[in-house]
Amino acid sequence: MNYISAHDHDETFDPENPLGKPEVPEDVQNAIRTLIAWAGDDPAREGLLDTPKRVGRAWLEYCEGYREDPSIHLTRQFSEVGGYDEIVLLKDIPFQSHCEHHMAPIIGKAAIAYLPRNKVVGISKLARVLHGYARRLQIQERLTAEVAQCIWDHLDPQGVAVVIEAQHGCMTGRGVKTPGVGMITSRMLGCFLDNGSSRKEVMSLMGY
Ligand SMILES: [Zn+2]
């Protein structure tokens, strides 16, 4: 009896790297070693030996958004909305991003709403759009605007409202060191921008 493992015919399989983790180029690892030394530690000590690889891979993941177009999540649309013509809202969507000024974590939650004209998408898609933009180096203001604009451009809704509340590692862990301080940004488009009572309605549904 001949047992053939599934991996025998997979030329990408590397026994040294059975989980297929992405390679981290030497220059990237060296950059991280330089940073460790600059911060005051010894990159050659045992506990830090594999850190450059791990950090390199972690940053690939933090910045996955560069390798996707978030609007792809809005391509599967449903026009059969059963006469539903009210606000669609997804709130308390947790996300993590990194600030482009310090590469420090931004941790927060978003509320995303739109008033459909005649197209809707699966509700989880709104969170995917958020994550597509969050997994990049960001500032909160641009993240908020990009999510709103993407929905506006691809769903042709009557209005879009995005509110993001987040804490910035560069504020809570360094500099003025103010843990617990959150920043709120919002972007309103269409009826939520033009019509005060629509805006009030969506803000109160969001809990603001
Ligand atoms: Zn920052």
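# Close-up views of a predicted model

**View 1. Packing of helices α1 and α2.** In this predicted model, helix α1 (residues 26–39) and helix α2 (residues 51–62) cross at roughly 110°, their axes coming within 9 Å. At that angle α1 is roughly perpendicular to α2. The crossing of the two helices α1 and α2 is right-handed. From α1, the residues V28, Q29, I32, R33 and I36 take part in the contact, and they meet T51, P52, K53, V55 and G56 of α2. Packing of this kind is described by the angle between the two helix axes and the distance between them.

**View 2. The annotated binding site.** An unreviewed UniProt entry carries the annotation "binding site" on C99, H102 and C170. These residues are spread over 72 residues of sequence, yet they cluster in space, with a largest C-alpha distance of 7.9 Å. C99 lies in strand β2 (residues 88–99), whereas C170 belongs to helix α5 (residues 169–172). C99 is partly exposed, because 18 other C-beta atoms lie within 10 Å of its own and a residue counts as buried only at 20 or more. C170, with 17 C-beta neighbours inside 10 Å, likewise counts as partly exposed. Apart from residues up to four places away in sequence, C99 touches A104, I106, Q138, I139, H168 and C170. With its neighbours within four places likewise set aside, C170 is in contact with C99, H101, H102, A104 and G175.

**View 3. The five-stranded sheet.** Five strands, in the order β5-β2-β3-β6-β7, form an open sheet with mixed pairing. Its edges are formed by β5 (137–138) and β7 (183–190), each of which pairs on one side only. Strands β2 and β5 pair in the parallel sense over two bridges, and here Q138 of β5 is the bridge partner of C99. Strands β2 and β3, by contrast, pair in the antiparallel sense over nine bridges. Within β3, K109 is the bridge partner of P94. The hairpin of β2 and β3 has five residues between the strands, and M103 in this hairpin takes a positive phi near 55°. In a regular strand, side chains alternate between the two faces of the sheet.

**View 4. Helices lying on the sheet.** Helix α4 (residues 140–155) lies across β2, β3 (105–115), β5, β6 (159–168) and β7, and runs at about 25° to β7. Helix α7 (residues 196–206) also packs on the sheet, where it touches β2, β3, β6 and β7. The direction of α7 makes about 130° with that of β3.

View 5. Helix α3 (residues 124–134) is mostly covered, eight of its 11 residues being buried. The buried residues in α3 are K125, L126, V129, L130, H131, G132, Y133 and A134. Their cover includes the strands β2, β3, β4 (120–121) and β5, together with helix α4. Helices α3 and α4 pack at an angle of about 135°, with their axes 9 Å apart. This angle makes α3 oblique to α4. The crossing of α3 and α4 is right-handed. V129, L130, Y133 and A134 of α3 make the contact with L143, E146, V147, C150 and I151 of α4.

View 6. H73 is placed in the loop between α2 and β1 (77–78). This histidine, H73, counts as buried because it has 21 C-beta neighbours inside 10 Å, where 20 or more are required. Residues up to four places away in sequence not being counted, H73 touches K125, R128, V129 and G132. H73 and V121 are 48 residues apart in sequence, while their C-alpha atoms are 8.6 Å apart in space.

View 7. The feature "domain: GTP cyclohydrolase I" is placed by UniProt, in an unreviewed entry, at residues 29–206. Over residues 29–206 the end C-alpha atoms lie 43 Å apart, and the span is 39% helix and 26% strand.

Technical notes
Residues numbered from 1 in each chain as written. Predicted model: local features only at pLDDT ≥ 70, side-chain atom pairs only at ≥ 80, totals over all residues. UniProt positions renumbered as here; feature names shortened; annotations may be inferred. Helix = DSSP H or I, 4+ residues; strand = E, 2+ residues; numbered from the N terminus. Buried ≥ 20, exposed ≤ 12 C-beta atoms within 10 Å, placed from the backbone. Contact = placed C-beta atoms within 7 Å. Pairing = 2+ DSSP bridges. Axes fitted to C-alpha atoms, helices over the stretch in contact; angles between N-to-C directions. Parallel < 35°, antiparallel > 145°, perpendicular 65-115°, else oblique. Left-handed = near helix turned anticlockwise from the far one by under 90°.
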